[in-house]
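Q: I would like to learn how to read a domain interface and a pocket from a model. Where do we start?

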Amino acid sequence: MIEVKNLTKIYDSKKVLNDISVDIENGEIFTIMGPSGTGKSTFIKSVIRLIEPESGSIIVDGKDILKAKSEFEIQNVRKNFGYLFQEGALFDSLNVWENVTFGLKYLTDIPKEKYIRIAKDKLKLVGLENIEYKKINELSGGMKKRVALARAIAHNPKYILYDEPTTGLDPISSDIIINLIKEMAEKLKITSIVVTHDVKLALTISTRIGMLFNGKFIEVNTPEKIKESSIKEVKDFIETSFIESK
Ligand code: ADP
Ligand code: MG
């Protein structure tokens, strides 16, 4: 499990994350929902220490990644994570299977001969077949997201972090990704943290939702309870998003 305690991150004297605490249980899909610029990506990057928070602890299976002293120790915690970046971040100069297996040499001892087999297996899990040798610029936006997802699960992580997984996708591709996130959680028993401003996504996939607003979780609850929230900012956020999607 992941225990976040009193996490604070300051940019230019602004507390983007202000003394945040939350426990994420094994097997759950925990969604951090909130408007743009509210610190969602900052949160998810802190979890694998891509940025350095000012204070707090992030304890992953008993080990505080913020207290890890060497790159080796940090890497040891990171091995447990898959990360689907907001930007997708595939390498155009590499083909599909090279992209999917890119992290394996850093994260595992798996010999290179096995990479193509792993790439095929993971691509199949995300519904893509016979595209191992394609170039990234030959793929649609939805396919790129799926390749990025195959890469995120290539080293069999226990946890996966999704940053805005549906942003920029058409509704059909978006639904495919939503289903895949659920499938990854169910089939592979991956514990998931999803970051999104997409209310539909949050309400559809989450075990629990944490509404992040002005550096704080103003409500952490099941989707059913969040829908009926009595907190003004939560109600407004949900209503506005449904008006926008009409
Ligand atoms: P979200 O993912 O919710 O849209 P972010 O976590 O990306 O929000 O950013 C939260 C706030 O922190 C924003 O106001 C953003 O401008 C600011 N911020 C993010 N990264 C940096 C940085 N490297 N330097 C300064 N400010 C930053
Ligand atoms: Mg973001």
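Q: How many salt bridges does the rule find across the interface of domain 1 and domain 2?

A: The model is a predicted one. Across the interface of domain 1 and domain 2, the rule finds 0 salt bridges. The buried area there is about 1,300 Å², with 73% of it on carbon and sulfur atoms.

Q: Which residues make up domain 1 and domain 2?

A: The domain assignment gives 2–80 + 157–245 for domain 1 and 89–156 for domain 2. Over C-alpha atoms, the centres of domain 1 and domain 2 are 24 Å apart. In contact across the interface are 19 residues of domain 1 and 13 residues of domain 2.

Q: How much space lies in the largest pocket?

A: Rolling a probe the size of a water molecule over the atoms shows where empty space is left. In this model, the largest pocket holds about 510 Å³. Its lining has 20 residues, and Y83, F85, G103, L107 and R151 are the closest to the pocket centre.

Q: Why does the largest pocket lie between domain 1 and domain 2?

A: Domain 1 and domain 2 both give residues to the lining, so the largest pocket lies between them.

Q: Which helices and strand each supply at least two residues of that lining?

A: Helix 2 (71–78), helix 4 (104–107), helix 6 (141–152) and strand 6 (81–84) do. By residue class, the lining of the largest pocket has 14 nonpolar, 4 polar and 2 charged residues.

Conventions:
Residues numbered from 1 in each chain as written. Chains lettered and ligands numbered in written order. Predicted model: local features only at pLDDT ≥ 70, side-chain atom pairs only at ≥ 80, totals over all residues. Heavy atoms only, no water. 1 Å grid on protein atoms, 1.4 Å probe; cavity = no way out; pocket = protein on both sides within 12 Å on 5 of 7 lines; lining within 4 Å. Points joined across faces, edges and corners; volume = space filled by probe spheres on them. Helix = DSSP H or I, 4+ residues; strand = E, 2+ residues; numbered from the N terminus. Nonpolar A, V, L, I, M, F, W, Y, C, P; charged D, E, K, R; others polar. Domains from an automatic or database assignment. Contact = heavy atoms within 4.5 Å. Buried area = accessible area lost by both parts, 1.4 Å probe. Salt bridge = Lys/Arg side-chain N within 4 Å of Asp/Glu carboxyl O.
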